[in-house]
Amino acid sequence: MSPLIFEAENSLVMQSKYAQKRKVPTNADGFGLGWYALHDDTIPATFVNVDPAWSNRNLKTIAEKVPTRHYFAHVRDASKGMPVSQGNCHPFQCMHYLWMHNGRLDMFDSFRRALMSGLSDRAFSLIKGNTDSEHAFALFMDKLGFKESASADELEQAMVETIREIMVLRKQAGAETNAFINFAITDGYHTVATRFTTLETSQPASLFYAHGEVTKIDGIVDVIHCDDPERQSIMICSEPLTEEDAQWIKVERNHIVIAHGNTKVMQKPIELPFQADLLVNI
């Protein structure tokens, strides 16, 4: 995991200090890593901490030494008033699923209770921290029905239904500000991620993806075109990780990205109106 987390020109650790596509460039309120082992175990391992990613010795060791073909990594900038704790660090895990969120569900306190009231007991018990992100994950798991095996289409459908319900709850609560909804879910093979904003007047947080071989030549990490499925990787990131960005594709506004392993990736529109145009039965 080290080439993309530590060694690339715009690695995740570099983004924890100097993110290029955020108004506030620093993400120092903890980090998280979730990965799937190469041996026969479908439940992902997670490692989270409240340290800045750039200063944690264990993160560097894990990234350098643990082999995996599928992982999530996250650096956190806590929302105003939100505690900095391990319980609030992404990725969140349930069964064989991992979840992350880049953004915020603005005015979350105004609809938090309504969201929680609609959860099943099983989903309610998932929530250990305070973040809007973890509450959204619990809602997603309810929409997915806690399926032991879900197709990419089912993950996509549950994701869109989750976003729609959040928008309905916000509209009912009078939360008319923007919500930045860049969610990501994986089951260890399929990955679904969104770039979404609820107001027509606001832009969502950035999101990009690349499909190719991760190489390291003369100490420079790059992503190059590759036809060999055994050497291909799919990366979905808030910012391009490499200086040469020819392989990086920008995810369009209010689109969803679906990746099948490391072999196929696509984006498509999310068929939801902006929140102001959403029809809600109150």
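Biologist: What makes β7 and β12 a pair of strands?

Modeller: Two strands pair if DSSP finds at least two bridges between them. Six bridges join β7 to strand β12 (residues 255-260), so the two strands pair. They run antiparallel, and Thr194 stands opposite Ile256 in β12. This is a predicted model, in which local features need pLDDT of at least 70, side-chain atom pairs count only at pLDDT 80 or more, and totals for chains, interfaces and linings use all residues. Residues are numbered from 1 along each chain as its sequence is written, and side-chain values use heavy atoms, with hydrogens and water left out.

Biologist: How many bridges does β6 share with β5?

Modeller: Seven bridges join β6 to strand β5 (residues 97-104), and these strands also run antiparallel. Asn102, for example, has Asn182 in β6 as its bridge partner.

Biologist: Why is β6 called largely enclosed?

Modeller: Buried means under 20% relative accessible area, exposed over 50%, and partly exposed in between (1.4 Å probe, protein chains only). Six of the seven residues of β6 (residues 180-186) are buried, so the rest of the structure largely encloses this strand.

Biologist: Which strands make up the open sheet, and in what order?

Modeller: There are six, in the order β4-β5-β6-β7-β12-β13, with antiparallel pairing. The edges are β4 (92-94) and β13 (264-269); each has a single partner strand, so one side of each lacks a neighbour in the sheet. On average, neighbouring strands here are turned by 15° against each other, direction ignored.

Biologist: Which strands do helices α6 and α7 lie across?

Modeller: Helix α6 (residues 132-144) lies across β4, β5 and β6, at about 130° to β5. Helix α7 (residues 152-172) lies across β5, β6, β7, β12 and β13, at about 30° to β7. These angles run from 0 to 180 degrees between N-to-C directions, with axes fitted to C-alpha atoms, for helices over the stretch in contact.

Biologist: How does the span of α7 compare with the expected value?

Modeller: The expected span is 1.5 Å times one less than the number of residues. With 21 residues, α7 reaches 30 Å from its first C-alpha to its last, close to the 30 Å expected. Its buried residues include Leu155, Ile163 and Leu169.

Biologist: What makes the link between His70 and Thr191 a polar contact?

Modeller: A polar contact is a pair of N or O atoms within 3.5 Å; within protein, one must be able to donate a hydrogen and the other to accept it, and residues adjacent in sequence count only if both atoms are side-chain atoms. The side chains of His70 and Thr191 are joined at 3.3 Å, so the pair qualifies.

Biologist: What makes Glu154 and Lys147 a salt bridge?

Modeller: The term needs a side-chain nitrogen of Lys or Arg within 4 Å of a carboxyl oxygen of Asp or Glu. The closest N and O atoms of Glu154 and Lys147 are 2.7 Å apart, so the pair qualifies. Eight salt bridges are found in the structure.

Biologist: Where do Arg231 and Glu213 lie?

Modeller: These two residues form a salt bridge, with closest N and O atoms 2.7 Å apart. Arg231 is in the loop between β9 (220-224) and β10 (233-237) and Glu213 in strand β8 (residues 208-217), so the pair ties together parts 18 residues apart in sequence. Arg231, at 43% relative accessibility, counts as partly exposed, whereas Glu213, at 15% relative accessible area, is buried. Salt bridges with shared partners join Glu213, Asp228 and Arg231 into one network.

Key
Helix = DSSP H or I, 4+ residues; strand = E, 2+ residues; numbered from the N terminus. Contact = heavy atoms within 4.5 Å.
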